[in-house]
Protein chains: 2
Amino acid sequence: MSDDTTHSDLHERIVTQVPSHLDVTEVQYEGPDLVIYTETPRKFAENSDLIGDLARTLRKRVTIRPAPGAQSSPSGAETKIREIAPDEAQIQDLEFYPTIGEVIVEAEKPGLVIGQRGSTLREITREIGWNLEVVRTPPMESSTVDNVRNFLTQERGERREFLGKVGEKIHREPEKDLEWVRITTLGCCREVGRASFVLHTPNTRILIDCGDKPGAEGEVPYLHAPEAMPLTGIDAVVLTHAHLDHSALLPLLFKYGYDGPIYTTEPTRDLMGLLQLDYLTVASKEGRTPPYSSEQVRQAIKHTIPVEYGDVTDIAPDVKLTMHNAGHILGSASAHFHIGNGFYNILFSGDVHYEPTRLFNGAVNDFPRVETMVMESTYGRRGDYQTDTEESEQRVHEIIRETYEKDGIVVIPAFAVGRSQELMLVLEEAMREGTIPTMPVYLDGMIREATAIHTAYPEYLRDGLQQRILHEDENPFIADQFQQVDGGQEMREDIASGEPCVILSTSGMVTGGPIMSWLELLGPDPTNTLMFVGYQAEGTLGRRIQGGNVEITLPGRADRANRLTLELRIESVSGFSGHADRAGLEQYVGEMNPRPETILCVHGDEQATDQLSSALYQNYNVRTYQPKNLETFRFP
Amino acid sequence: MSDDTTHSDLHERIVTQVPSHLDVTEVQYEGPDLVIYTETPRKFAENSDLIGDLARTLRKRVTIRPAPGAQSSPSGAETKIREIAPDEAQIQDLEFYPTIGEVIVEAEKPGLVIGQRGSTLREITREIGWNLEVVRTPPMESSTVDNVRNFLTQERGERREFLGKVGEKIHREPEKDLEWVRITTLGCCREVGRASFVLHTPNTRILIDCGDKPGAEGEVPYLHAPEAMPLTGIDAVVLTHAHLDHSALLPLLFKYGYDGPIYTTEPTRDLMGLLQLDYLTVASKEGRTPPYSSEQVRQAIKHTIPVEYGDVTDIAPDVKLTMHNAGHILGSASAHFHIGNGFYNILFSGDVHYEPTRLFNGAVNDFPRVETMVMESTYGRRGDYQTDTEESEQRVHEIIRETYEKDGIVVIPAFAVGRSQELMLVLEEAMREGTIPTMPVYLDGMIREATAIHTAYPEYLRDGLQQRILHEDENPFIADQFQQVDGGQEMREDIASGEPCVILSTSGMVTGGPIMSWLELLGPDPTNTLMFVGYQAEGTLGRRIQGGNVEITLPGRADRANRLTLELRIESVSGFSGHADRAGLEQYVGEMNPRPETILCVHGDEQATDQLSSALYQNYNVRTYQPKNLETFRFP
């Protein structure tokens with residue numbers, strides 16, 4: 001890492017490179033970024049190429065900040081901002097942070113405050129000397145987004161200190177030669193659930209994901225493996241997406257003393273907070289002792305350093321991280337690690353959907369170099385082909401129409417995040433176009449809140465959908481028929497005994513949550529329909545029902561009749577999964593160029609990983625493995 | 001491990017099981033053994049089935065010791081011992097240890113003191129109340145054997161304490177369920193050298209071997225891998241054999257604070273001490289700083305708990321070790337680990353020779369259960385077939401005759417341990433039978449001392465040879481023509497300029513030691529012959545010379561002309577290796593019954609492990625791997 005230097009060297013180099021009429025008061029690391037404080041922020045802003053040049057020479061992300069006192073008064077600045085930004089941006093709110101010379105601007109159309117390639121932003125800074133952070137006013141109110149933003153605002157002081165510490169650690173001189181890279185599997189091998197891996201070099205240890213296992217609460221990642229210990233010595237955590245089988249146990253790390261960064265996308269940060277808090281609620285409801293408290297969820301959020309798709313970010317002296325759209329859920333990413341200066345490259349696919357869906361663009365599979373890929377295999381079995389989307393949607397329409405005609409209710413267990421929004425789009429379109437009768441679609445559990453988070457980050461949605469939400473006032477998620485179940489059990493009883501309707505309810509694998517009540521209310525009536533649209537992991541009640549087991553036991557009901565015979569119609573419609581099917585997984589690998597030398601097939605049951613790894617080996621001549629948990633692979 | 005109990009429970013159970021007229025004063029663990037102290041040792045000795053019954057019920061090795069004061073006076077006891085043991089036993093020496101009620105009897109024929117199935121021993125104990133440990137007077141004087149015995153005698157007090165501590169640890173209640181077993185490769189993967197592995201269960205970590213890498217002094221086992229750390233937490237070390245590529249760095253563990261047991265055979269303990277001390281000497285001579293001092297070698301010896309071939313020994317609450325003859329060198333063993341009560345079985349082959357040789361019986365490959373084998377692959381390449389022994393010996397005779405006829409000298413680089421003794425047997429027979437002229441055979445380096453250690457442990461030699469050494473006064477190793485080079489450089493110069501002779505000299509891979517002087521003295525004369533008879537590892541000077549490189553540089557000779565052109569004849573004779581050749585390795589696996597499910601091919605260069613693992617997979621339908629260093633495998 002010959003391009004790394006000590007802190008004082010760095011100050012020296014920057015001063016040398018910057019024209020002498022520009023002031024460099026202080027140089028500081030803020031997480032992966034290098035921040036230059038200056039008495040002459042306006043002059044820096046004029047010199048539009050300089051920052052890019054510095055970034056290239058120093059090979060760091062560079063931010064310029066006005067030194068305290070070098071900027072206009074807040075009131076003067078606000079006037080200027082409103083003057084320069086176009087009215088259509090609809091600026092809602094401004095908050096000034098004098099200690100760091102930053103103002104947060106919330107606008108309905110933040111792109112208009114930023115301008116083409118940041119031109120408007122630069123103009124404003126040139127005038128007022130403050131740095132702008134522009135955020136979007138969510139088109140649907142989201143308490144999660146609000147809470148996270150407020151919380152981070154409160155914690156700004158502490159966070160700055162944290163970022164400074166992380167920055168120093170990232171930019172330290174690496175001690176040892178890069179003789180090897182290792183991957184340790186802490187979970188999700190030959191199973192779906194408890195995703196967790198350690199990526200280590202002689203200098204660095206990185207934890208990728210830390211999830212729970214749906215349907216098997218005791219089975220957590222092997223965090224006690226010596227390769228993961230001590231957790232306090234881990235350099236960075238990277239989270240591929242917010243689903244609990246990847247994120248549930250991240251807060252536990254903070255309980256065990258970890259106080260380093262979590263790198264992930266902004267929507268994943270917010271969704272993760274939402275799902276983790278729900279995880280705690282569900283655990284309490286079911287009489288289990290949650291492994292951590294909401295305080296640790298806040299810790300996790302506070303320690304998150306957001307990265308955007310495609311940004312190359314230093315996360316350790318010898319590791320650069322780039323996250324890429326994985327097409328699975330909002331903010332989901334594949335994590336690409338470039339280790340050393342060209343020494344080795346590893347991709348963790350995370351959960352991927354290769355084809356574009358209504359919600360998201362398809363997963364990125366175009367990387368300059370990937371020697372080893374750790375790849376999901378959920379639908380890796382030979383027969384795991386899903387019907388195509390059009391056919392699947394027709395099947396959904398059919399089932400709903402048939403149930404409607406019998407005066408029945410359709411209940412769909414769905415992950416709050418991902419499949420619910422996909423189905424909302426399907427239902428909204430079908431009702432708008434008259435393919436199915438317009439009827440209420442009730443959202444139970446956190447589906448509405450998760451949907452609101454989607455609308456807060458439209459840049460993470462598929463291009464066309466983004467436009468509909470932002471520019472054409474055609475936001476499909478706020479159509480009239482979508483109604484939140486916010487009246488508790490009483491409201492559910494009313495709905496269950498009422499008119500035909502569709503219910504989307506969590507949990508997606510029938511492992512708890514309001515879906516249990518719906519089964520109890522709707523299960524005995526054969527005119528109703530239970531429709532599965534997502535993957536049901538082994539060991540979950542959803543999987544057992546799918547397998548024909550209609551005699552079920554409702555959990556946590558010792559005081560009532562807790563056995564129930566399902567009389568309602570049971571259907572499974574494939575094609576809505578957030579996961580690539582077997583063909584998609586093969587295509588994802590087949591169309592990579594160059595292809596990885598080695599693929600570890602994980603995140604699938606024993607058959608899926610076995611059959612996928614055989615197929616990839618035979619078709620593409622790639623070295624493949626189907627690891628077990630607790631194994632360590634060494635590269636190159 | 002339901003058969004394990006706490007210490008006081010144990011005392012209770014023993015008292016219940018023992019007839020009431022027998023006293024049980026105290027129960028103690030001594031390493032893997034359970035020792036019962038009694039006021040009535042003579043009555044215990046009369047009850048010959050009792051000890052076996054106790055051992056079976058308690059599933060422990062049981063020893064009875066007289067409580068202090070319960071035995072005859074030393075002088076009375078000595079008289080009795082000499083009276084009961086037959087004169088032909090030739091008792092040389094007796095030492096009494098009143099605190100532990102033990103007397104060490106050194107005899108030329110220890111078997112006669114022990115008697116059939118221990119009958120004589122029992123009779124003696126019944127009479128005198130002392131426990132006997134019978135050791136053999138070495139037929140050749142060995143300073144190593146003497147030193148080790150004297151040292152252990154001095155340290156008897158401390159050792160007893162150590163054994164007590166180890167015993168408590170072995171027999172503790174295991175804390176965790178046996179969900180998995182793991183093997184971590186710390187060295188000797190895709191290479192020959194630095195053998196070292198960690199075997200772990202949720203309760204236990206065991207280190208197997210800890211060697212150096214000949215020809216690459218800096219490359220030591222990856223002891224800093226988190227799977228091996230902290231070294232102080234390791235439960236037990238198991239050493240398969242004494243060669244430095246397996247044993248050199250064991251003393252380093254004690255420098256790093258390890259103070260647990262090393263399990264190995266008695267001859268391996270002594271040979272290991274000899275070779276480690278030599279390792280330190282060679283390092284100093286070559287100007288390298290040895291990684292540890294002779295004090296740590298003594299620590300290693302003091303912490304060794306000897307095991308015999310075939311003995312099942314508890315070495316941890318969930319691990320039983322059995323060592324089996326590996327046919328490679330004196331005391332060499334394959335280490336079989338039985339984990340849990342039938343949970344899993346792993347065999348570390350160590351270095352093996354499957355066919356019997358002149359020195360040793362062939363490697364044992366008959367185990368009731370082995371699910372996974374970690375297997376050496378030194379000669380694993382497709383073409384690695386050795387000529388058969390008869391042919392090889394004829395070739396040796398031929399080369400010696402031809403060199404003799406030209407008045408030249410034959411110099412043979414050989415490991416002090418193993419190949420040297422094999423060749424001594426070949427040469428002794430050929431000279432005795434007149435196949436080659438009788439001439440001096442000079443032994444340089446530690447060969448004579450190593451040979452003496454062989455004669456101290458004849459029960460580890462091949463059956464016929466054992467008889468020759470013990471009973472027929474035909475000890476081939478003390479034939480007249482074998483002469484020690486004990487006059488330093490001057491003697492070497494005399495020999496080199498003298499009559500035809502054969503020289504056996506260390507080191508075996510021409511990486512240092514007296515062989516360097518012999519090359520310098522004999523190398524320029526084309527009438528001489530350099531004859532390789534053993535494996536030359538990659539990176540060693542031996543390998544380079546074998547490969548045709550005759551322009552060599554002698555190390556550590558900056559003050560003299562250190563470049564040398566070898567003019568002497570260079571020959572390699574295969575068939576004397578201590579390693580099975582490719583056919584032998586295949587046969588070793590092929591004739592196992594049942595065969596392992598999984599084989600990890602290690603201890604061979606990249607081609608050897610690759611080709612052997614492919615062949616074993618194809619021929620025997622076994623899952624095979626060729627691990628890299630720093631990988632961790634999980635079973636089942």
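Let's start with a cysteine: Cys188(A) is buried, at 1% relative accessible area (buried is under 20%, exposed over 50%, partly exposed in between, with a 1.4 Å probe and protein chains only). This is a predicted model, where local features need pLDDT of at least 70, side-chain atom pairs count only at pLDDT 80 or more, and totals for chains, interfaces and linings use all residues. Residues are numbered from 1 along each chain as its sequence is written, chains are lettered from A in the order in which they are written, and side-chain values use heavy atoms, leaving out hydrogens and water.

Back to the sulfurs. The closest cysteine sulfur to that of Cys188(A) belongs to Cys189(A), and at 5.3 Å it is too far for a bond; a disulfide here is a pair of cysteine sulfur atoms within 2.5 Å. Cys601(A) isn't in a disulfide either, with its nearest cysteine sulfur, in Cys189(A), 10 Å away. Cys601(A) also counts as buried, at 0% relative accessibility. Over all chains, the disulfide tally is zero.

Now zoom out. Chain A splits into domain 1 (3–157), domain 2 (180–383 + 579–632) and domain 3 (389–572), with bounds from an automatic or database domain assignment. Between domain 1 and domain 3 of chain A, the C-alpha centres are 43 Å apart. Their contact (heavy atoms within 4.5 Å) takes eleven residues from domain 1 and 16 residues from domain 3 of chain A.

Grid points are joined across faces, edges and corners, and volume is the space filled by probe spheres set on them. The largest cavity holds about 180 Å³. Its lining has 19 residues, and those closest to the centre are Phe415(A), Met509(A), Gly534(A), Tyr535(A) and His579(A). Domains 2 and 3 of chain A both supply lining residues, so the largest cavity lies between them.

How values were computed:
1 Å grid on protein atoms, 1.4 Å probe; cavity = no way out; pocket = protein on both sides within 12 Å on 5 of 7 lines; lining within 4 Å.
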